[in-house]
Amino acid sequence: GSYTVDIKKAILCLLFGGSRKRLPDGMRLRGDINVLLLGDPSTAKSQFLKFATRVAPVGVYTSGKGSSAAGLTASVVRDARGEFYLEGGAMVLADGGIVAIDEFDKMRPADRVAIHEAMEQQTISIAKAGITTVLNSRSSVLAAANPVFGRYDDLKSASENIDLMSTILSRFDLIFLVRDVRDEARDRMICRHVMGIHIGSGGRAGGIGEGGGGGGLGAFGGM
């Protein structure tokens with residue numbers, strides 16, 4: 001639909017990234033772009049995330065519901081000999097690429113706090129079990145979340161619909177409110193499209209979420 005044009009442009013900017021800057025006082029500014037898609041269910045937010053991770057040279061997809069702070073950043077693990085070693089999480093493994101976090105609102109607040117440093121300074125500091133080090137996490141974050149009431153409530157303000165702290169919202173460069181506008185003609189068109197994929201098309205219709213026919217940025221422009 002037309003409402004997705006700006007979202008596609010934002011994800012393309014996220015995939016290509018920006019330029020890292022170093023200010024005269026020595027401060028470094030990240031060049032990677034972080035994007036948050038927040039809105040109603042069934043608006044293809046997860047499809048955007050999966051497609052972006054498939055197109056990116058380095059892409060890691062994870063769900064906020066099943067992710068912990070250690071799984072996103074890094075953890076210290078003891079091996080069979082009793083020695084400790086570092087095991088990188090999703091944001092470390094995606095260094096130089098993108099991390100797609102679905103169901104971002106379902107994450108525990110403590111786990112969201114753990115990625116503050118990774119999203120802004122693009123580093124992860126570890127001081128556990130005698131291991132003190134700093135890991136690089138130079139990755140862009142593409143996250144998707146639902147409003148606090150499940151669907152966006154027009155009778156409430158944006159702050160009441162968004163159940164995320166300002167500290168994490170400030171780390172996103174672009175935030176999109178994805179609305180499921182009630183339009184009978186549009187809903188019928190989407191229904192016919194979905195039914196056409198599952199009925200009569202067999203294995204020939206490889207959609208965006210499937211493996212066939214949709215690989216590459218050309219298919220992304222046709223979403």
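Me: Where is Ala 44 found?
Reply: Ala 44 is in the loop between β3 (35–39) and α2 (45–55); helices (H or I, at least four residues) and strands (E, at least two) are DSSP runs numbered from the N terminus. This is a predicted model, where local features need pLDDT of at least 70, side-chain atom pairs count only at pLDDT 80 or more, and totals for chains, interfaces and linings use all residues. Residues are numbered from 1 along each chain as its sequence is written, and side-chain values use heavy atoms, leaving out hydrogens and water.

Me: What is the phi of Ala 44?
Reply: Near 65°, which is a positive value in a residue other than glycine.

Me: And is Gln 122 buried or exposed?
Reply: Gln 122 counts as buried, at 5% relative accessibility. Buried means under 20% relative accessible area, exposed over 50%, and partly exposed in between (1.4 Å probe, protein chains only). Ala 44 is partly exposed at 33%.

Me: New topic: what order do the strands of the open sheet have?
Reply: The five strands run β4-β7-β10-β3-β11, with parallel pairing; two strands pair if DSSP finds at least two bridges between them. β4 (59–63) and β11 (174–178) stand at the edges with a single partner strand each, so one side of each has no neighbour in the sheet.

Me: How many bridges join β3 to β11?
Reply: Five, and the two strands run parallel. Leu 37 stands opposite Phe 176 in β11.

Me: Which strands does α2 touch?
Reply: α2 packs on the sheet and touches β3, β4, β7 and β10, where contact means heavy atoms within 4.5 Å.

How values were computed. Axes are lines fitted to C-alpha atoms, for helices over the stretch in contact, and angles run from 0 to 180 degrees between N-to-C directions.
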